[in-house]
Amino acid sequence: MAWMYLVCAGVFEMTGVAMMNKAQKDRHWTSYALLSGSFAVSFILLWFAMRTLPMGTAYAVWTGIGAAGGTLIGMIVYGETKSLKRILFLCMVLGSAIGLKLVS
């Protein structure tokens with residue numbers, strides 16, 4: 001169950017990052033509300049996950065999911081560059097998160 005909380009926390013972090021970009025562009029109060037709500041839910045779910053998982057593993061996986069997801073959203077939704085190097089390093093982030101899951 002802790003890993004489920006952690007994955008959901010990562011997804012909400014990705015949503016928060018996407019809302020950060022949207023809030024920067026449109027500066028509307030709904031974007032700021034979604035930004036704050038997404039990060040709040042993400043931190044709460046991370047807290048639930050850290051009740052069972054080691055702090056270092058939980059935090060590394062949470063940030064890895066957020067960073068990788070933010071990069072993917074940037075590429076897919078906001079048209080950021082999709083270079084081979086970016087995709088390679090994105091795969092390295094995901095591989096590291098999966099490796100932490102396997103050894104903990």
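Where does UniProt place the feature "transmembrane region" in this chain? The unreviewed UniProt entry gives residues 29-50, 56-78 and 87-103. Good morning. I shall present a predicted model of this chain, and we shall return to those three spans as we proceed.

Let us begin with the overall picture. The chain contains four helices and zero strands, and along the sequence its pattern reads α-α-α-α. The radius of gyration is 14 Å, close to the 13 Å that the globule rule gives for 104 residues, so the chain is as compact as a globular protein of that length. The C-alpha trace spans about 40 × 35 × 15 Å along its principal axes.

Now to the annotated spans. Residues 87-103 are 100% helix and 0% strand, with end C-alpha atoms 24 Å apart.

I turn next to the packing of the helices. Two packed helices are described by the angle between their axes and the distance between the axes.

Helix H1 covers residues 2-26, and helix H3 covers residues 55-76. How do these two helices pack? Their angle is about 40°, and their axes are 8 Å apart. H1 and H3 are therefore oblique to each other, and their crossing is right-handed. On the H1 side, the contact residues include Trp3, Leu6, Val7 and Met14, while on the H3 side they include Trp62, Ile65, Gly66, Gly69, Gly70 and Ile73. By class, this contact of H1 with H3 has 13 nonpolar, six polar and one charged residues.

The second pair is H2 with H3. Helix H2 runs over residues 29-50, and it packs against H3 at an angle of about 145°, with the axes 9 Å apart. The crossing of H2 past H3 is right-handed. Ser42, Phe43, Leu46 and Met50 of H2 make this contact with Met55, Ala58 and Trp62 of H3. The residues of the contact of H2 with H3 comprise six nonpolar, one polar and no charged.

Helix H4 spans residues 84-103; H3 and H4 pack at about 155°, and their axes are 9 Å apart. That angle makes H3 roughly antiparallel to H4. Is this crossing left-handed or right-handed? H3 passes H4 in a left-handed crossing. From H3, the contact includes Ala60, Gly64, Ala68, Leu72 and Met75; from H4, it includes Arg86, Ile87, Leu90, Leu94 and Leu100. The residues of this contact of H3 with H4 divide into 11 nonpolar, three polar and one charged.

To conclude, the chain has four helices and zero strands. H3 packs with H1, with H2 and with H4. Thank you for your attention.

Key
Residues numbered from 1 in each chain as written. Predicted model: local features only at pLDDT ≥ 70, side-chain atom pairs only at ≥ 80, totals over all residues. Heavy atoms only, no water. Axes fitted to C-alpha atoms, helices over the stretch in contact; angles between N-to-C directions. Parallel < 35°, antiparallel > 145°, perpendicular 65-115°, else oblique. Left-handed = near helix turned anticlockwise from the far one by under 90°. Contact = heavy atoms within 4.5 Å. Nonpolar A, V, L, I, M, F, W, Y, C, P; charged D, E, K, R; others polar. UniProt positions renumbered as here; feature names shortened; annotations may be inferred. Rg over C-alpha atoms; globule rule 2.2 N^0.38 Å.
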